[in-house]
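Biologist: I am new to this structure and would like to understand the terms used for it. Could you take me through them with care?

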Amino acid sequence: MTKKIFFIVAALTAVSSLHATKAVEDGSRFGSGADSIKCFENVNLYTEYVKTKDWTNAYTYWKEVYTDAPFCYASVYTNGAKILKALIGESKDATQQKAYAAELLAVHRQRIKYLSRLNTLIKGDPVSDASAWQTMAHDYITYTPGMNADTAYVMVRKAVDLAKDQSQYYILGDLMKVSSAMFKKNKEHRDALLQDYLDCSAYINSVIAAADAENIINAARKTKDNIDAYFVNSGAADCQSLQTIYASKVEASKNDIEFLNKVIKVMKLLKCTEQDVYYKAAEYAHNITPTSASAESLGLMYLKRHDYTKASSYFSQAISLESDAARKSELYYTSAIIQNSLKDNVKAKSMLEKAISLNKNNGDAYILLAELYAGDHKWTTEEALNQCTFYVVLDKLLLAKKADPSLTKKADELIKTYSEYTPKIEDLFFLKLKKGDEVQVKGWINETTVIR
C-alpha cells in the first residue's frame, strides 16, 4: 500500500513537472505547474529577506522572480530597486557596483516597458509615466558610478518634459546638474542649458507653491538655489556669448513670439539687457503683440542709451496704447523728460500739462515744469522782465507741494534756491511794476504771474 502511494505521488509530480511553464514564457502572472509554485515560494522568500535587510539572499530569490515572472506583482520592480540600491551601497568593489547599477537601470526600463500591465495589479492610484521616468533618471544619476552624461540627460530631460510643474524637486536639480555638465564638455549644448534653466526655474516655483510639508518646502528651496548655482557656475551666463548666439537666431525668428520671449527672459535673468540682441528681440516681440508696457519698456531702454528720438517714438506708442489715466499721466511725464533732452521745451511743456490734466496729484510734473522754466527763462531783452519768469517757477513749486505733500521738502529747497533769482523791486519800479501787479511772461512759457 505504501509503495502504491509513493508511485501515485511520483506520478503526480512528474505530470506537474511535465506541464510546468514559466510566466515569462506563457505571458501569465505566475506561470503554471511547478514553476508557479516556485514563483510563490521565491516571492515569499525575498520579501522576508527584504524585511530583515538581508540584501544578498533577497537578491537571489528576487532575481528568479524578476527573470521568470515579470508580471506577477508591481512590487517586484520597487523591491528590486530597493535591493539593488542597498547592494550598491554595501559593495566596496567598483566593478560590482557598476554591474548592480546597470541591473538597476534595466529594472527601471523593464518596469516602464510593462507599466500599463503592472498598473492593473495595483489597487491604489496607477503609476504615471512621469513618475516612473523620474525614478529611473534619479536612480541612474544617483547610483551609477561614472554615469554617462548623455544617457542621463536624455532620461532626466524626458522625465521633466512628462512631469513639468508636477516634477519632484530633486529631478529638477538633477536636470540642471547633468545639463551644466553637458555644457562644460560641449559648448554647443548652451541653448539646451538655457532652456533647461528656464524650465527648472519656473517648475521649482510651482513645486514650492504646491508643497505643504515643511521638509519638502525646505528641500525644494535649497534645490532652487542649486538650480541657480549650476547655471551661473556653468559659464553659460555670459552676455557677449548670448549676443553671439542669439543675433542671427532672433533675426530669423522675428515672427516667433515664443522664441523672442524666451530670449528676452533669459537675458533679463542674466542682466544682459544692454546687448543689441535684447533690443532687437524686445522690438520684434512688441511688433507682434504691442502693449503700452512693452512700448514703455523699449522707450526706457533707448532712453538709457541716450537715443532720445527712438525713446520718444516708443513713449508716444505707450501713451496711445494706455487707457489708465494715472499710468498715462506718468508716461506723459517721462515723455517730457525725453523732449527736454531733445531740447524741445515747447513739446516738453505740452506733455507736462497733459500729465497734470490726467492726474492733478502729479506733483513731479509741476516740479519738472518749474525747472524747465528756470532753465530757459529769457523771453525778452529786458532783464527784469526775464527775472519775472522765476515768479512762475515759484507758482509751479507751490502747486507741486499742494498736489503731492510728500514733495514738500524738495519743493521748499527749490523755492529757496529760485527765490534768489526774482527781480529787485527797484528794477521793476522803472518798468512801472510793483508788488501785487500781474505780469505776463511771454515767449514759449506764456504764463501770467503776480509780482511779490
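Modeller: Let us begin with a definition: a nonpolar core is a set of buried Ala, Val, Leu, Ile, Met, Phe, Trp, Tyr and Cys residues joined through side-chain atoms within 4.5 Å, where buried means under 20% relative accessible area, exposed over 50% and partly exposed in between, with a 1.4 Å probe and protein chains only. The largest such core here has 98 residues, and those with the most contacts inside it are Leu-172, Tyr-246 and Val-250. A second, separate core of 28 residues includes Ala-23, Cys-39, Trp-55 and Val-76. This is a predicted model, in which local features need pLDDT of at least 70 and side-chain atom pairs count only at pLDDT 80 or more, while totals for chains, interfaces and linings use all residues. Residues are numbered from 1 along each chain as its sequence is written, and side-chain values use heavy atoms, with hydrogens and water left out.

Biologist: Which residues does Leu-172 touch, not counting those up to four places away in sequence?

Modeller: With contact meaning heavy atoms within 4.5 Å, Leu-172 touches Val-160, Ser-167, Cys-200, Tyr-203, Ile-204, Val-207 and Ile-227.

Biologist: Why are α5 and α6 called roughly antiparallel?

Modeller: The axes of helix α5 (residues 75–90) and helix α6 (residues 94–113) come within 9 Å and cross at roughly 165°. Angles under 35 degrees count as roughly parallel, over 145 as roughly antiparallel, 65 to 115 as roughly perpendicular and the rest as oblique, and α5 and α6 are therefore roughly antiparallel to each other. Among the residues that meet are Tyr-77, Leu-84 and Ile-88 in α5 and Tyr-100, Leu-104 and Val-107 in α6.

Biologist: What makes Lys-271 exposed?

Modeller: Lys-271 has a relative accessible area of 70%, so it counts as exposed. Lys-271 lies in the loop between α14 (257–269) and α15 (276–288), and its phi is near 55°, a positive value in a residue other than glycine. Most residues other than glycine have a negative phi.

Biologist: Why is Asn-446 called partly exposed?

Modeller: The relative accessible area of Asn-446 is 47%, and Asn-446 is therefore partly exposed. Asn-446 is found in the loop between β1 (438–441) and β2 (447–450), and the phi of Asn-446, near 50°, is also positive.

Biologist: How do you know that Lys-177 counts as partly exposed?

Modeller: Lys-177, in helix α10 (residues 169–185), has 38% relative accessibility and so counts as partly exposed. Lys-177 touches Ile-141 and Tyr-230, not counting residues up to four places away in sequence.

Definitions and conventions: Axes fitted to C-alpha atoms, helices over the stretch in contact; angles between N-to-C directions. Helix = DSSP H or I, 4+ residues; strand = E, 2+ residues; numbered from the N terminus.
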